[in-house]
Amino acid sequence: MAIFIIRRLLWSVVLLVFVTFLTFLIFVVLPSADPALLRAGRNPTPEIIASIRKTLGLDQPWYVQYFKYLRNLVLHFDFGYSYQNFLSVKETIFPRMPATISLALGGAVVWLLIGIPVGILSAVKRGTFIERFAMGAALVGISAPVYWLGLVSIYLFSTDIGKFPIFDATGNYANPWDDFGRWLSSLILPWIVLAVSFAAIYARFMRSNLIEVLDEDYIRTARAKGLVERRVILRHGVRSAITPIVTIFGLDLGILLGGAILTETVFNIPGIGRTAFDAIQKSDLPVVQGTVLIGATAIVLFNLIVDVLYGFIDPRVRY
Amino acid sequence: MSTGSVDLLAHEGDDPDLETDGAAAAIEARSPLQLFWRRLRRDKVAMTALVFIVLLILAAILAPLIVKLVGAPGISTPDRSTFDDFGLPDASKGGGPGSEHLFGVDRIGRDVFSRTLYGARTSLEVAFISTFAAVVVGVTLGMIAGYYRGGTDTVLSRIMDIQLAFPVLLLAIGLGAACSLGDGCFGGLLQPGLPVVIFTIALAQWPYMARIIRGQTLSLREKEYVEAARSIGAPNRRIIFRELLPNLVAPIIVYSTVLIPTNILFEAALSFLGVGVQPPTPSWGEMISDATSIFDIAWWFMFFPGMALLLTVLAFNLIGDGLQDALNPRAKK
Amino acid sequence: MTRLTRARLAPALLIAVAGLAAGCGSSSSEKSSSKGGTNPGGAEIGKGKQGGDVTYLAAADVDFLDPGQTYYTFGFMVRDATNRSLYGFKPGEEGPSPDLAASDPQISPDKKTITIKMKPGVKFSAPVNRAATSKDVKYAIERAFTANVPNGYASSYFAEIQGAPAKPISIKKLKPFSGLQTPDDQTLIIKLTKPVAPRVAAALVLPISVPVPESYAKKFDAQTPSTYDQHVVFTGPYQVKHDASGKVTGRRPGKLIEIERNPNWDKSTDYRPAFLDSIRIEEGNDDQTVATRRTISGQSLMCCDSGQPPIPILKRALTRYKDQLGRVASGGTRWIAMNMTIKPFDNLNVRKAIVAGFNRSALRLTRGGAAVGPIAQGYIPPGIPGYDESGGTKGFGDTLDFMKNPEGDAALAKKYMLAAKKQGVPVSSDGKYAGKGGILTIATNADPGLSTAQVGQQEFSKLGFKLNFRKVPQDTLYTKFCGIPKAKVAVCPNVGWFKDFVDPESMLEPTFDGKAIKPAGNVNWSQLDDPKINAAMAKAALIEQGDARNKAWAEINKQIVAQAPGIPYSWDDSFQLESKDVNGIMNGNFTTWDLSFSSLK
């Protein structure tokens, strides 16, 4: 087990290095955007541009730049400085993480609270109207683009222009320790909208898992022993049906923590996703690197956690 | 994010059942395809969805004709008589949904109905081609990795790992931004416009397909008939194409039908973010994006392309569900 | 959703250095700029309630706090409230007023010497805590010529100061300019190599004349680039929060700027009433629809750093919330630039055909229609001398047939296309362009500019031109594409130029002089390089302020329009929003709210 984790950790590090390298490469392919120009002001004389290029280290070949980047990252945990405004990338990105984490975790709570019970109910009430309705709704949920749902929900429910003003959706995000009320009210609608498609996926997944499990022999045995149905389902059925959910939950959370660009965009939430998107559009390589790295780290890390957790939940898994 | 792979992963748990189906079909002495079609035909929901998609494809192909038939003004003719003094579409002047403009007009006075209809072309074209490309690449590499194992497998699997660790939407945005200029990128191989979008989506999606096929191939290659073929010295290429591929048809079909709606959403998301299809080509995602600046006063501009997107993706998902049930009747009783 | 960029439109949002030296040539500028701007609810300038805190919603950070580097509108707004230059603009007034200076600049008869007297007792904020002197202004100007303090305009407007280096030099090599003399603490004498004193004197309203204490700033300026930006000291009624050592603590880029009263400020030395106690600039509000909506319905909010509100909001504001809307002439023109070095736009008849066929009224509709301002007819906007001489809102339609019909004239367009056909341009017999390949077009990715670009694309297609479209953020549009001739962008549908000076030269020289074409940061987007026009500009630049000058520049304006380098379409005003309880005052100089004149109701 320990060896497994160490091996996986090492591979994760290699993986992340590859990811940064790939990001760098993509930027080399990008049509020439001279970041020095962004800073050179109205009269970008060659002298000023040259001096800025030197400050940014742009006068060196790209592989030297990459090597230096990597060295600073590894040795000093230094993500470099934005081409756009010379700010440290750490200062640019880390303050934006609470918003992304709030959005992802809150959304996850909502979709688990909806998805799992609906999935269980649908499996138990198989063949009834309830199941058909729930699964139909789930399929619609999966099919709806999140940004569109976001717009529709703002159109219907936002406090200022909504037809039924219930939720605040005016991009009022504040960090919870600064203003808890504002944090909560600004996130409720985004959480719900973000959770829709995930809740749908989880409900479908939960249902099909549970149906499968309930057909297994040991469940039949339990039933035959005369256990109460509710107990059979909750104690035995749900318990094993939920194991695979842990896997996709970990992966989904990993992806979302790297930034939910679309949801952040529609609801004007100052998170990592939007930072990354803006940085790409402005060719701000260091910031792009930072956001991609954080996104990839989240994915890799959660993959690892899932794999390890799996060993605890499901003793059949051997490392 | 509703794009990406979540859906695929959600289905991954089902896959061991797929291969048993081949055996069941053999017993009933019908070709698997026949059996499958019989089952599918009994699924009313899936058939309705199929009819919808067929109609949609027809509508996309015949878009110019339909636009003429309905008497709509076409995709790029502005009707500024529907504007108010500020240049915004005004429902009281015929800018909203009505007889003149079925779905109203957009921010610059173009007919939303015509553009939604033409948007289907973009959507389907991108989704079909990118899915096809992702499937071809994914299946080929997945089979190679699974069949040869060893070093080949390690290298290919690691490449997939790296790509799966890369935030997929960011990769797509980066490529979309890089290749949408002048002659595109890779020395002009990749032209701006639809080709870039298709390439980007295919690139982002192939690893999922490859992973699944690799897993299937790994288990298939241990089957007796493959062992037998190998023991009589059949060449690898023959085993891969004659023995393995036919047995992979079912999962390939299932995951392709999952990929199509995913890719429709993918294209729409890219266009929504402004790095997908470029104007004046109508795209549902782009229309929704354009609508954001006026959606509170012109709901129709946001609503109809979104509904078109929702219904199309829903229909494909329903077909996908139907296909899965038909291939794997055990799951639904 | 839509994102907005810091730069409102032109990269040079360098604002008015208005009214070239007091007294000169003001006659025509008064005549033409009837719109001094309107303040919401008829707010009276200079009257207001003392005290209160306001939050200002901004998309992004100010570019710089360092007055030597400040360049964009938003930076100008903050600078004006926190740091005083020699001359400044009171809201509602056409010309500049002495700010740090005690009186108008004295210009010698040979126009080579300027003498400025400064007020005593204007103190720097902590930790400098002493009165600003002419030596501080001298150093401020000198440092702007170094590579350590990249300044956007020093070399354009102050290059004639004796001893000023021709190119930015390292601060280590900086020697005192012989042309900047300080016989005492209150006197600054500027000696020039050419008789351009009126222009240099007028340019002293720019932040370059904000005093910088050399002994304190020296260690920061030694860095490349200077870190004085993080250690600025203040002379204005307000200051950005800082610690005892002078390090700015109240600025967290991308998040907020905390502006508070400057305890060292003495009201008796300043024309600013400074009603508010504090201004909190909240950044990251890059969705303008959301920000403006929040402002209208909220309390004590002002908005925005990124220019005009979205049209639906503007409409609502103009019809329902008029008392929450500030309006001021923007002193700028918007147009679609055609790159004259790229085929087929190298052909005059093609360009004329395009302008003739264009529905410019439809373009203006994308910015809000007639309610926001007239259709542009040339490149000297209302409020700038030479505007009336250029035919006002009618423009040159009487003499230039292709400018006559703003709705577009298909027959005339066809005529010009066929004329181009005779010159070898691929044109079909019905007057449609038949060349192969798309035409590279870089458009902004947010409304209203995006709509403008799409209408433009439509209008181009009427004549058979297929635009190959790419959407990018507005500042990327300038810095990466349209401002770089090497990028070979053929059509830039979202360009515009806003006043540097209340003077026609500053409207036309950077944007249409062939000599102004630069490899980077280029704003002669059409790359118009006509020897006749270049020569006319060189000549007109030397003409004294007054009718003759205005006529000469109007004539140049006409020559430019006759070359059809672009499709001018809008002279719209600047609008800003505020909450109900705010008594905002617009400043025509930097075309946005004036923080030190605004108050709470």
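Two residues are in contact if their C-beta atoms, placed from the backbone, lie within 7 Å. The model described here is predicted.

**Chains A and B**

Contact between these chains involves 44 residues of chain A and 43 residues of chain B. On chain A, the elements that each supply at least two residues of the side touching chain B are α1 (2-29), α7 (129-143), α8 (146-157), α9 (180-214), α12 (243-257), α13 (261-267), α14 (272-281) and α15 (285-313). By class, this side of chain A consists of 35 nonpolar, seven polar and two charged residues.

One helix pair across the two chains is α14(A) with α8(B), the latter spanning residues 168-179 of chain B. Angles under 35 degrees count as roughly parallel, and the axes here cross at roughly 20 degrees; α14(A) is therefore roughly parallel to α8(B). Their crossing is right-handed. From α14(A), the residues A:Ala276, A:Phe277, A:Ile280 and A:Gln281 meet B:Leu170, B:Ile173, B:Gly174 and B:Ala177 of α8(B). This contact has six nonpolar, two polar and no charged residues.

**Within chain C**

Helices α9 (residues 348-357) and α11 (residues 410-422) of chain C pack at an angle of about 170 degrees, and α9(C) and α11(C) are therefore roughly antiparallel to each other. Residues of α9(C), among them C:Asn349, C:Lys352 and C:Ala356, meet residues of α11(C) including C:Leu412, C:Tyr416 and C:Met417. The contact of α9(C) with α11(C) has 10 nonpolar, two polar and one charged residues.

The axis values for both pairs are listed below.

| Helix pair | Angle between axes | Distance between axes |
|---|---|---|
| α14(A) and α8(B) | roughly 20 degrees | within 10 Å |
| α9(C) and α11(C) | about 170 degrees | 8 Å |

How values were computed:
Residues numbered from 1 in each chain as written. Chains lettered and ligands numbered in written order. Predicted model: local features only at pLDDT ≥ 70, side-chain atom pairs only at ≥ 80, totals over all residues. Helix = DSSP H or I, 4+ residues; strand = E, 2+ residues; numbered from the N terminus. Nonpolar A, V, L, I, M, F, W, Y, C, P; charged D, E, K, R; others polar. Axes fitted to C-alpha atoms, helices over the stretch in contact; angles between N-to-C directions. Parallel < 35°, antiparallel > 145°, perpendicular 65-115°, else oblique. Left-handed = near helix turned anticlockwise from the far one by under 90°.
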